[in-house]
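Welcome! Please have a look at the sequence and the model before you start.

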Amino acid sequence: MKKMKIAKTTKNNLITYSMVLIAYILVQILLITGHISSLMSGLLVPLCIYVMLAVSLNLTVGILGELSLGHAGFMCVGAFSGAFFSKCMDGLMPDGIRFFIALLIGAAAAGIFGILIGIPVLRLKGDYLAIVTLAFGEIIKNLVNVLYIGKDKNGFHFSMKDSISLHLDGEGQVIINGAQGITGTPHDASFTVGILLIFISLIIILNLINSRDGRAIMSIRDNRIAAESTGINITKYKLMAFSISASIAGVAGVLYAHNLSTLTALPKNFGYNMSIMILVFVVLGGIGNIRGSIISAVILTLLPELLRGLSDYRMLIYAIVLIVMMLLNWSPKAVEWKEGLKEKYFSRLHFRKEKEGR
Amino acid sequence: MSFISYLINGISLGSVYAIIALGYTMVYGIAKMLNFAHGDVIMVGGFAVFTIVSTLGLPPILGILVAVVICTVLGMVIERVAYKPLRNAASPLAVLITAIGISYLLQNVALLIFGANTKSFTSVVTISPIKLADGQLIISGETIVTIIAGIVIMICLTLFVNKSKAGQAMLAVSEDKGAAQLMGINVNGTIALTFAIGSALAAVAGVLLCSAYPSLTPYTGAMPGIKAFVAAVFGGIGSIPGAMIGGILLGIIEILGKAYISSQMADAIVFAVLIIVLLVKPTGILGKNIQEKV
Amino acid sequence: MSLLEVKNLTISFGGLRAVDDFNIEIKKGQLYGLIGPNGAGKTTVFNLLTGVYKPDEGIISLDGHNITGLKTIEINKAGIARTFQNIRLFKELSVLDNVKVGLHNHYHYSTIEGILRLPKYYKVEKEMDKRAMELLKVFELDGEADYLASNLPYGKQRKLEIARALATEPKLLLLDEPAAGMNPNETGELMDTIRFVRDNFDMTILLIEHDMKLVSGICEELTVLNFGRILTQGETGSVLNNPQVITAYLGE
């Protein structure tokens with residue numbers, strides 16, 4: 001019987017936090033000494049966004065154990081609600097406070113969507129849940145593309161047809177212009193803000209996991225029927241995990257919106273392809289492994305950029321790397337082979353360690 | 001009159017979805033995996049025909065045959081190399097992500113060979129359109145061929161699964177792999193055959209789709225692939241008649257939605273209908289209800 | 001006064017009466033056995049009692065309250081906890097956390113207090129740890145508290161399931177084949193543990209078991225099910241000597 005002790009979670013979490021902190025300090029040093037190309041420095045905020053998306057999706061996929069393919073939809077909700085607020089309030093209050101409130105609004109809007117979608121959808125299981133979340137993500141993206149909201153002195157005007165139907169008066173301003181989205185969102189995002197938000201996301205997720213609620217969520221993942229007969233409120237905790245996950249994706253969306261001058265809902269940024277890409281981060285980093293999600297999100301975002309020299313071949317190489325990694329990490333044969341190698345070469349080391357441990 | 005015309009177009013598009021969804025559903029039934037690369041096999045089929053007919057100037061029928069052969073072999077190779085090693089993996093997500101990897105791979109190989117420019121696909125259908133009701137109702141040759149092809153494929157597939165030995169083996173494997181193995185069924189062979197058939201169907205769907213909507217890019221297969229996946233779930237994933245019904249209904253809803261509600265919202269309408277169906281019947285129209293045993 | 005009173009409990013699956021006119025009365029503190037050949041409907045009775053299935057007919061009352069038709073979670077809160085025939089632990093959680101999930105409804109702090117790690121979090125978590133360790137000690141699992149539940153040997157997994165069920169502070173404990181897969185030594189130990197639980201936790205226990213040594217050793221009363229119907233019920237000794245019961249087990 002193989003006996004495995006669980007590593008102390010607190011220590012584990014500290015490693016995760018310090019990893020992010022060290023990465024931040026390193027990047028800052030490189031930035032100051034001018035060792036980061038403008039291309040790379042342009043990637044820093046997107047990196048933070050992807051990390052937040054990956055860790056938050058891991059809460060749904062790894063901790064709650066439900067497959068969601070609509071994560072980009074929540075990001076979309078956050079991005080548009082946050083940008084909408086900033087656009088309306090720009091100049092009316094201090095930038096810092098405005099951006100902070102925009103982040104909160106993005107989190108709340110995405111969280112509410114998470115609950116609204118979660119209530120009917122979380123009854124479904126496995127692949128059915130996957131396709132329905134994908135469907136919701138696409139619907140959100142589609143709706144945003146036909147959404148027109150304008151503002152004049154009579155207040156807000158709303159249409160699903162075109163900007164003319166808003167019937168704005170002369171000084172009125174179109175804020176959300178259908179497929180053209182929102183233009184001129186203030187550029188508030190920065191790497192430091194991104195890292196701060198990553199920290200907050202990590203604190204929320206890691207502390208949630210190691211709490212009474214987190215245990216309830218994981219008990220549903222491990223055995224729904226046993227959890228129910230142990231008195232765990234399945235619906236409540238599924239919704240809790242799902243909506244917190246959505247909220248953090250919403251915050252990532254607000255950050256995204258405030259990093260671009262023009263915000264549009266395209267298949268590329270808010271479509272199912274994006275949701276799938278985030279899922280790839282999560283699975284490759286280890287299902288349920290939060291630190292793994294961070295690492296894989298960073299590596300997989302940088303990989304295509306590092307391969308830029310190979311121009312046309314870079315996405316091809318990315319695809320091959322992905323397939324090979326999956327086969328090596330998950331195929332039972334490869335796993336067995338790796339275990340065998342470990343035993344062969346590390347058995348002596350292992351033995352010594354065990355002795356010292358006693 | 002326009003309603004009937006929309007309806008016929010819907011059935012035609014739906015037939016394409018149904019053919020793709022059949023591949024999806026068969027593969028799901030037997031391998032219990034969402035084959036995200038299935039849509040890209042459609043694109044490969046499209047490019048095979050494009051190369052042979054438009055670039056090499058050879059007859060369309062040869063193009064279709066070659067496309068079917070290429071896709072069949074491709075499907076089997078993908079299964080053998082990428083999916084089979086993960087069949088008993090600890091998490092079902094592993095094979096899903098690998099399928100996504102294959103999807104990226106196919107798209108990018110096509111991108112390298114054919115470039116990102118949209119190719120205009122020459123229709124392989126040479127039948128002239130039929131005019132009905134004094135020319136008020138025009139049905140294109142592509143529509144007719146697509147609907148006929150759809151019907152023929154559905155009949156053949158149903159006969160194959162229900163009457164042939166190999167088809168029965170498929171049903172057995174999809175029911176219970178272990179038991180099928182004990183009964184002397186070649187499980188690996190049966191799964192390979194399923195991928196082969198599914199991919200051959202994808203090739204046919206690719207040709208039909210590109211003939212009806214004559215633009216071809218490396219990403220052509222992605223959205224129809226997702227829609228067909230929706231159709232398969234809609235009808236009850238794993239069920240062959242379910243995939244047919246789901247596909248055709250989806251095509252009709254999409255075309256009517258485009259025509260009468262909003263062309264921008266057509267996809268959203270399709271997805272909304274899927275959600276409503278699943279909320280009313282969580283396993284799709286013809287899906288089996290499976291209750292977990294306590 | 002009886003703790004559990006079941007009258008005329010009936011459920012059919014596709015025309016088959018899986019449980020037909022089931023009646024039982026269990027007194028507080030009793031150790032009660034439910035036996036019968038495979039497929040007799042014993043686990044179905046458990047599933048009916050815990051709300052996994054809704055009965056077609058009949059009334060279940062616990063401690064004077066009608067709990068018929070309640071949801072599984074409500075029934076657990078009303079005071080019935082169970083174990084499963086095919087062990088259902090939270091495999092990826094530690095042994096300690098499995099029990100702490102059981103304590104969930106008896107120790108409270110809010111989500112915010114948990115996320116912000118306010119003093120109450122530490123206080124309540126400490127209390128939970130203490131209580132969970134006490135329970136684990138009863139089952140001699142305290143040494144393995146940090147292990148993943150799935151890494152426990154089979155016999156200990158069964159014990160952990162009982163510990164988790166007890167953590168929910170039930171009035172009635174349902175054990176579904178607790179001795180399945182155990183060797184005679186382990187079964188002997190388990191009998192002691194069950195008695196210990198009954199005496200020290202003031203527990204009423206209803207158990208399904210095939211191991212006749214265990215049944216005759218600890219159960220005070222028995223109900224025998226056959227083809228979904230009650231064959232006989234009463235004191236253990238007399239039931240086990242009933243020729244009908246012997247026929248049902250050994251066949252015609």
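**Exercise 1.** Find out how many residues of domain 1 of chain C are in contact with domain 2 of chain C, and describe the domain 1 side.

*Solution.* Step 1: seven residues of domain 1 of chain C are in contact with seven residues of domain 2 of chain C, where contact means that the C-beta atoms, placed from the backbone, lie within 7 Å.

Step 1: on the domain 1 side, helix α7 (residues 184-201) of chain C gives the most, with three residues. Helices here are DSSP runs of H or I with at least four residues, strands are runs of E with at least two, and both are numbered from the N terminus.

Step 2: this side of domain 1 of chain C divides into three nonpolar, two polar and two charged residues. Nonpolar covers Ala, Val, Leu, Ile, Met, Phe, Trp, Tyr, Cys and Pro, charged covers Asp, Glu, Lys and Arg, and polar covers the others, Gly among them.

Step 3: the domain assignment of chain C sets domain 1 at 2-79 + 170-250 and domain 2 at 90-161, with bounds from an automatic or database domain assignment. Their C-alpha centres lie 28 Å apart.

A word on reading the model: it is predicted, so local features need pLDDT of at least 70 and side-chain atom pairs count only at pLDDT 80 or more, while totals for chains, interfaces and linings use all residues. Residues are numbered from 1 along each chain as its sequence is written, and chains are lettered from A and ligands numbered from 1 in the order in which they are written.

**Exercise 2.** Work out which elements of chain B give two or more residues to the side that touches chain A.

*Solution.* Step 1: the contact takes in 39 residues of chain B and 36 residues of chain A.

Step 1: the elements of chain B that give two or more residues are α4 (93-114), α9 (222-235) and α11 (266-280). The largest share, twelve residues, comes from α4(B).

Step 2: sort the chain B side by residue kind, and you get 30 nonpolar, seven polar and two charged.

**Exercise 3.** Describe how strand β1 of chain A pairs with β2 and with β3.

*Solution.* Step 1: β1 (residues 148-152) and β2 (residues 155-159) of chain A pair in the antiparallel sense over five bridges; strands pair if DSSP finds at least two bridges between them.

Step 1: a hairpin of two residues joins β1(A) to β2(A). A:D152 has A:G155 in β2(A) as its bridge partner.

Step 2: β1(A) also pairs with β3 (residues 173-177) of chain A, again antiparallel, over four bridges. Here A:I149 stands opposite A:I176 in β3(A).

Step 3: the loop between β2 and β3 of chain A holds A:H167. Phi of A:H167 is near 50°, a positive value in a residue other than glycine. A:H167 counts as exposed because it has 12 C-beta neighbours inside 10 Å; the cut-offs are 12 or fewer for exposed, 20 or more for buried, and partly exposed in between, counting other C-beta atoms within 10 Å, placed from the backbone.

**Exercise 4.** Check the span of helix α14 of chain A and find where its buried residues lie.

*Solution.* Step 1: α14 (residues 314-330) of chain A has 17 residues, which should span 24 Å at 1.5 Å a residue. The expected span is 1.5 Å times one less than the number of residues.

Step 1: the end C-alpha atoms of α14(A) are 24 Å apart, which agrees.

Step 2: the buried residues of α14(A) are A:M315, A:A319, A:L322, A:I323, A:M326, A:L327 and A:W330. Seen down the axis, they fall within an arc of 125°, so they line one face of α14(A). The arc is that of the directions from the helix axis to the C-beta atoms.

**Exercise 5.** Is B:I70 buried or exposed, and which residues does it touch?

*Solution.* Step 1: locate B:I70 in helix α3 (residues 60-83) of chain B.

Step 1: B:I70 is buried because 21 other C-beta atoms lie within 10 Å.

Step 2: leaving out residues up to four places away in sequence, B:I70 touches B:V44 and B:A48.

Methods. Contact = placed C-beta atoms within 7 Å.
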